[in-house]
Amino acid sequence: RPRVPVDPARLAKAARRALSTEAYAYLAGGAGSERTQAANRRAFERWQVWPRPLRDVSVRDLSTTLLGRRLPSPLILAPLGVMELAHPEADLAVARAAASAGVPAVLSGQASFPMEESAAAAPGAPRMFQLYWSASDELNESLVRRAEACGCSAIVVTLDTHLLGWRTRDLDLGYLPFTRGLGIAQYTSDPVFQRLVDERARDSAPAEAPPVRLTPRTVAAGITIARKGRRLTGGGLRESLRSPLPRAAVETFLDVFSTPALTWERLARIRSWTSLPVILKGIVHPDDAERTVAEGYDGVWVSNHGGRQIDRSVPTLDVLPEVAARVSGRVPVIVDSGVRSGADVAVALALGADLVALGRPYAYGLAVAGEPGVAAVIRNVLAELDITLGLSGHTAVSELGPASLRRAD
Ligand code: HOC
């Protein structure tokens, strides 16, 4: 079994070695000159844990609650798309590893497996669904209803991707994932999406072309080929796109994905589709956090999409205290972007987060060793959080606060 480095920098290097150039670029890359990614990390570097010894910390409690559910720790897995780039078992491996640790997984809207398959891979495990609000509200409704049916306990609406960011690494490499039909399994397994593809194919295919028949397994030949090996092979994938079937699906996806017209008013339609709690992800301004609560949503997720959407965006850790000051105690505050370790989790909690979401490190664990790799990364982050808690003189994550930290000069 491949060794999964404990050190976050060595873990990223091991993932780079395990992946094709395109796959690593997609997972590791950010927007523009990747200044937001760097700023996310710098924001963590500005804080130091301020230890208080001689307190009895022999019993420590990492547990917390989210929307009325007790969780073993404040860690959750952020939704990451196109995980088949990292490993053939993709979302299924992630769902299993998260379930073994009791860590909630947020099933990605850009997943490589339909949400029902991820749910079946980890029955009873805590899970949520990430909705990218597409141009078709009929499709959005269908995705939300499927999420409810497969046991998701909340819908996380991602609000920072209404236009795809300027991803320089992907642009230079030809945008492999989305031009080749990867990461669109939630759509291709959806009856509304199938109908949209059928309509598109009918309009554009020659009369003698076979009728379009989509199944989660067959729609994008690219997906099937990518699952056969760890490394993506360009020739086979390009060949597969000669078929009208994946092309129609990919084109339909690209048609509906961007929704720059989304507003607070339109977002409110989600309330007629589900009674599940709705968490808004991509909130970085305190006024938007305030409005999230005023409009009756159930959680604020402070995120800049891991620095993947805007170059020079505000670092999430810098705005977290201002957001938390406005909404803490009324709705849960979740934060992501730049979290690499258990000590990072402790800092984010001390600055006002109720839960902290981990992204790239678990994708790297997946790339290096599949499900055990994800499990190892989760284990390491939680172990370091526990040690940081104890060494700084706390017995519970709820004790972490501004007094636990000192701002670096
Ligand atoms: C063309 C659709 O969250 C990412 C993901 C997925 C974005 C959807 C792109 O890469 O950050």
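Guide: What follows is a tour of this structure, which is a predicted model.

Visitor: How many helices and strands does the protein have?

Guide: The protein has 18 helices and twelve strands. Of its 409 residues, 52% are buried, and when contacts between residues at least 6 apart in sequence are considered, 75% of them join residues at least 24 apart.

Visitor: Which residues surround the ligand?

Guide: The ligand is surrounded by Gly-81, Gln-110, Thr-161, Leu-164, Phe-178, Phe-257, His-305 and Arg-308. Sorted by class, that shell around the ligand holds three nonpolar residues, four polar ones and one charged one.

Visitor: And the core? Which residues have the most contacts inside the largest nonpolar core?

Guide: That core has 122 residues, and those with the most contacts inside it are Leu-77, Val-94, Ile-155, Val-302 and Ala-348. The largest share of the core, 16 residues, is supplied by helix α18, which spans residues 360–391.

Visitor: Pick Val-94, then. What does Val-94 touch, leaving out residues up to four places away in sequence?

Guide: With those left out, Val-94 touches Leu-77, Met-83, Ala-105, Tyr-362, Leu-366 and Val-374.

Visitor: Let's switch to helices. Which residues of α1 are buried?

Guide: In helix α1, residues 8–18, the buried ones are Leu-11, Ala-12, Ala-14, Ala-15 and Ala-18. Looking down the axis of α1, these buried residues fall within an arc of 160°, so they line one face of the helix. The face turned away from that buried side carries the exposed residues Ala-9 and Arg-17.

Visitor: Now strands. In β11, which residues lie on one side and which on the other?

Guide: In strand β11, residues 355–358, Leu-355 and Ala-357 are on one side while Val-356 and Leu-358 are on the other, and since all of these are buried, both faces of the strand are covered.

Visitor: Which strands pair with β11, and in what sense?

Guide: Strand β4, residues 75–77, pairs with β11 in the parallel sense over three bridges, and Ile-76 stands opposite Ala-357 there. Strand β10, residues 333–335, also pairs with β11 in the parallel sense, over two bridges, with Ile-334 opposite Leu-355.

Visitor: And β7, which way do its residues point?

Guide: From strand β7, residues 155–158, Ile-155 and Val-157 point one way and Val-156 and Thr-158 the other way, and all are buried. Ile-155 is also among the residues with the most contacts inside the largest nonpolar core. Strand β6, residues 127–132, runs parallel to β7 and is joined to it by four bridges, and Tyr-132 stands opposite Thr-158.

Visitor: What about Ser-337, buried or exposed?

Guide: Ser-337 has 28 C-beta neighbours inside 10 Å and therefore counts as buried. Phi of Ser-337 is near 90°, again a positive value in a residue other than glycine, and Ser-337 is found in the loop between β10 and α17, residues 342–350.

Visitor: Last one: where is Ser-275?

Guide: Ser-275 is in the loop between α14, residues 264–267, and β8, residues 278–281. Ser-275 is exposed, with 8 other C-beta atoms within 10 Å. The C-alpha atoms of Ser-275 and Ser-134 are separated by 20 Å, and these residues are 141 residues apart along the chain.

Key
Residues numbered from 1 in each chain as written. Predicted model: local features only at pLDDT ≥ 70, side-chain atom pairs only at ≥ 80, totals over all residues. Buried ≥ 20, exposed ≤ 12 C-beta atoms within 10 Å, placed from the backbone. Contact = placed C-beta atoms within 7 Å. Near = placed C-beta within 6 Å. Nonpolar A, V, L, I, M, F, W, Y, C, P; charged D, E, K, R; others polar. Core = buried A, V, L, I, M, F, W, Y, C linked by C-beta atoms within 7 Å. Arc of directions from axis to C-beta. Pairing = 2+ DSSP bridges.
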